[in-house]
Amino acid sequence: PPPPRRTPPRARPPPPPPAVPKWRTHAACRGTDPALFYDPHPASVAAAKTVCDTCPVRNACRAHAVDTA
């Protein structure tokens with residue numbers, strides 16, 4: 001009899017995307033271009049601070065930024 005047919009191993013599915021922290025849905029910056037927060041120009045820094053000053057989840061965001069930096 002012919003040798004048994006070998007089937008190729010199945011590829012593993014890709015890992016799921018990282019979970020988005022729930023606090024992000026309440027962030028004042030949601031929908032804002034992220035580049036605003038990385039632009040060193042003084043006007044951009046001031047604009048970013050204005051957004052953050054009004055944010056109800058800024059403490060969670062700050063902790064996330066420190067943990068993932």
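Where is Ser44 found? I looked, and Ser44 sits in helix H1.

**Ground rules.** I am working from a predicted model, where local features need pLDDT of at least 70, side-chain atom pairs count only at pLDDT 80 or more, and totals for chains, interfaces and linings use all residues. Residues are numbered from 1 along each chain as its sequence is written, and side-chain values use heavy atoms, with hydrogens and water left out.

**Overall form.** I counted two helices and zero strands in the protein. Both kinds of element are DSSP runs numbered from the N terminus (helices are H or I with at least four residues, strands are E with at least two). I then checked the radius of gyration, which is taken over C-alpha atoms. The protein has 22 Å, whereas a compact globule of 69 residues would have a value near 11 Å; the globule rule is 2.2 Å times the number of residues to the power 0.38. The C-alpha trace spans about 80 × 25 × 20 Å along its principal axes.

**Burial.** I used relative accessible area here: buried is under 20%, exposed is over 50%, and partly exposed is in between (1.4 Å probe, protein chains only). Buried residues make up 9% of the 69 residues.

**Back to Ser44.** Ser44 counts as buried because its relative accessibility is 14%. Leaving out residues up to four places away in sequence, I found that Ser44 touches Leu36 and Asp39; contact means heavy atoms within 4.5 Å.

**Before H1.** Pro3 lies in the segment before H1, and Pro3 is exposed, with a relative accessible area of 69%. Pro3 and Cys52 are 49 residues apart in sequence and 67 Å apart in space, C-alpha to C-alpha. Pro14 is also placed in the segment before H1, and at 70% relative accessibility Pro14 counts as exposed. From Pro14 to Phe37, 23 residues along the chain, the C-alpha atoms are separated by 31 Å.

**Largest pocket.** I noted a volume of about 730 Å³ for the largest pocket. Its lining has 19 residues, and the closest to the pocket centre are Cys29, Phe37, Tyr38, Cys61 and Ala65. A pocket here is an open set of points on a 1 Å grid over the protein atoms alone, where a 1.4 Å probe fits, with protein on both sides within 12 Å along at least five of seven lines; lining residues have an atom within 4 Å of a point. The volume is the space filled by probe spheres set on the points, which are joined across faces, edges and corners.

Helix H1 (42-53) and helix H2 (58-68) each supply at least two lining residues. The largest share, six residues, comes from H2. By type, I have 12 nonpolar, three polar and four charged residues in the lining.

**Cysteines.** How many disulfides does a search of the whole structure find? I got zero, with a disulfide taken as a pair of cysteine sulfur atoms within 2.5 Å. The sulfur of Cys55 has its closest cysteine sulfur in Cys29, at 6.0 Å, so that pair is too far for a bond. Cys55 is buried, at 10% relative accessible area. For Cys61, the closest cysteine sulfur is again in Cys29, at 5.8 Å, too far for a bond. Cys61 counts as partly exposed because its relative accessibility is 31%.

Technical notes:
Ala, Val, Leu, Ile, Met, Phe, Trp, Tyr, Cys and Pro count as nonpolar, Asp, Glu, Lys and Arg as charged, and the others, Gly among them, as polar.
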